[in-house]
Amino acid sequence: METTMAFKELDTQSWQVLDRAHYLHPSTDHASLRQTGARVAAHAEGIYVWDTDGERLIDGLSGLGNVNIGYGRKELVDAAAAQMLELSYCQSFFKTTHRAAISLAEKLTSMLPGHLNHVFFQSSGSEANETGTRLARRYWDLLGKPEKRIFIARELAYHGSSHMAASLSGIWPMHKAGGDLPLSNVTHIKTAYQYRNGFGMDADAFGVLAASWLEDKILEIGADNIAAFVAEPAQSAGGAICPPMTYWPEIQRICKKYDILLIVDEVVMGFGRTGEWFGCYKYGIEPDIMQVGKAITSGYLPLSGTIISDRVADVLIDQGGAWDHGYTYSGHPACCAVALENIRILDEEGIVENAGKELAPYFQAKLDAFADHPLIGDIRYVGLMGGLEIVKDKASREAYAYEAHIGDFCSAEALKRGLALRANGDTMSLMPPLITTKAQMDEIFDITREALDATAKHYG
Ligand code: PLP
């Protein structure tokens, strides 16, 4: 067997040959990958990633919305190394615990509203959604209401790739990716996507209307059959869909009125993306269960948390007996130590505060400047998440045919010019790291405009 050191001597093409031969990538058209080859990332620093040919790329997506603190922070590496030397692994199944997980659970709950006092750890956002939904079912079972088993989620939602998380997701091709999805106890409602679902309406009135779609669904199915409503504070993978401020208070009121749990997926929004520490603060949401992941470690190690209110935890603890749910890597010591260090830096260096107060207004003004672009029909943002929706005709809002793949064309044009952004359908999404400077922001948007101009020329 060749050693890792031997691999380091290969040139880019040889890496690509091995990649094609052995490595199946997540959410990828492998036939297309075989033709183009993959970019081979080599090292990264701040907001930049270099490939094995020495080309520099601006990471306008913060990895996958997780590298909020930027690449190459030695403190996080040191925290992982120190923890691994001291206690490299510890299971928490059999009345055993360790200081890193306890400290992180305490830290997280101290950052959140007072009723959110308990944390269950996993490695990914998908797993966090499994935990949250299993727990909701368990809660109603223990209260003698097992018929409360249906989950209501939203169109264009993204909650992950396991069976339940993919079922909750409302991006329909995901259901075809395998496994008779969605599961029979998941249903979807329209989302707070004003450009497509309430164009021309007053934003506040639209927020109330969009929330009423939840009430309609509850009345259709019967509250006695519903376990929970599951939603992201704002939707990232669905195409930067940001609700009006009237939406969430209404959703909260409806969940309370019909006694259904509110599960809020903060896997992307948590740890500063909205310009607040959590989307819950931005939109004034009080969830019964809340998922965090991704930027909890800024992507240095995998970790997610399911944060559980006293209401749910008390039933589980007092009446539940053993709850047979858990993962080998629940509360992995090194991941917890890195999360603690990441949160310390985000806080002490004022990174989240600066993102909300200084950077987000700058970012959003830059996005607004695309109103004049012939391809851009809608501009959406919250904090440091933004989307520019490409349309064929601005007046009628007609989209390009799916087969035109105009979003993919535009993201490829940006990549050629050294910027990673993402096409969520025909919405060009940006989620730069929270440490991006204004000068770097200028560069990001200069390239975005060049990519859009090239796209307009090609399709015009
Ligand atoms: N929830 C949301 C809102 C996400 O955006 C994602 C991933 O992008 C997930 C859950 C799934 O997280 P993971 O990929 O870590 O399983």
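Me: Which residue in E10 is the bridge partner of Gln 291?
Reply: Two strands pair if DSSP finds at least two bridges between them. Helices (H or I, at least four residues) and strands (E, at least two) are DSSP runs, numbered from the N terminus. Here the partner of Gln 291 in E10 is Thr 306. Strand E10 covers residues 304-309 and is joined to E9 by four bridges, running antiparallel. This is a predicted model, in which local features need pLDDT of at least 70 and side-chain atom pairs count only at pLDDT 80 or more, while totals for chains, interfaces and linings use all residues. Residues are numbered from 1 along each chain as its sequence is written.

Me: Which strand is joined to E9 by three bridges?
Reply: That strand is E8 (residues 261-265), and E8 and E9 run parallel. Within this pairing, Ile 263 stands opposite Ile 289 of E9.

Me: Are the residues on the two faces of E9 buried or exposed?
Reply: In a regular strand the side chains alternate between the two faces of the sheet. A residue is buried if 20 or more other C-beta atoms lie within 10 Å of its own, exposed if 12 or fewer, and partly exposed in between, with C-beta atoms placed from the backbone. In E9 (residues 289-292), Ile 289 and Gln 291 on one side are buried, as are Met 290 and Val 292 on the other.

Me: What is the count of buried residues in strand E1?
Reply: The count is zero among the five residues of E1 (residues 41-45), so this strand is hardly covered. Strand E1 pairs with strand E2 (residues 48-51) in the antiparallel sense over four bridges, and Ala 44 stands opposite Val 49 in E2. The hairpin of E1 and E2 has two residues between the strands, and Gly 46 takes a positive phi near 65° there.

Me: How do helices H11 and H12 pack?
Reply: Axes are lines fitted to C-alpha atoms, for helices over the stretch in contact, and angles run from 0 to 180 degrees between N-to-C directions. Helix H11 (residues 203-221) and helix H12 (residues 247-258) pack at about 20°, with their axes 8 Å apart. That makes H11 roughly parallel to H12, since angles under 35 degrees count as roughly parallel, over 145 as roughly antiparallel, 65 to 115 as roughly perpendicular and the rest as oblique.

Me: Which strands stand at the edges of the open sheet of four strands?
Reply: The order is E11-E12-E15-E14, with antiparallel pairing. Strands E11 (376-382) and E14 (422-424) are at the edges, each with a single partner strand, so one side of each has no neighbour in the sheet. From one strand to the next, the twist averages 25°. Strand E12 (residues 385-390) pairs with strand E15 (residues 427-430) in the antiparallel sense over four bridges, and the bridge partner of Gly 387 in E15 is Ser 429.

Me: Which residues does Ala 360 touch?
Reply: Two residues are in contact if their C-beta atoms, placed from the backbone, lie within 7 Å. Not counting residues up to four places away in sequence, Ala 360 touches Gly 275, Ala 355, Gly 383 and Leu 384. Ala 360 lies in helix H16 (residues 351-368).

Me: Why is Ala 360 called buried?
Reply: Ala 360 is buried because 23 other C-beta atoms lie within 10 Å. The C-alpha atoms of Ala 360 and Thr 274 are separated by 8.5 Å, although these residues are 86 residues apart along the chain.
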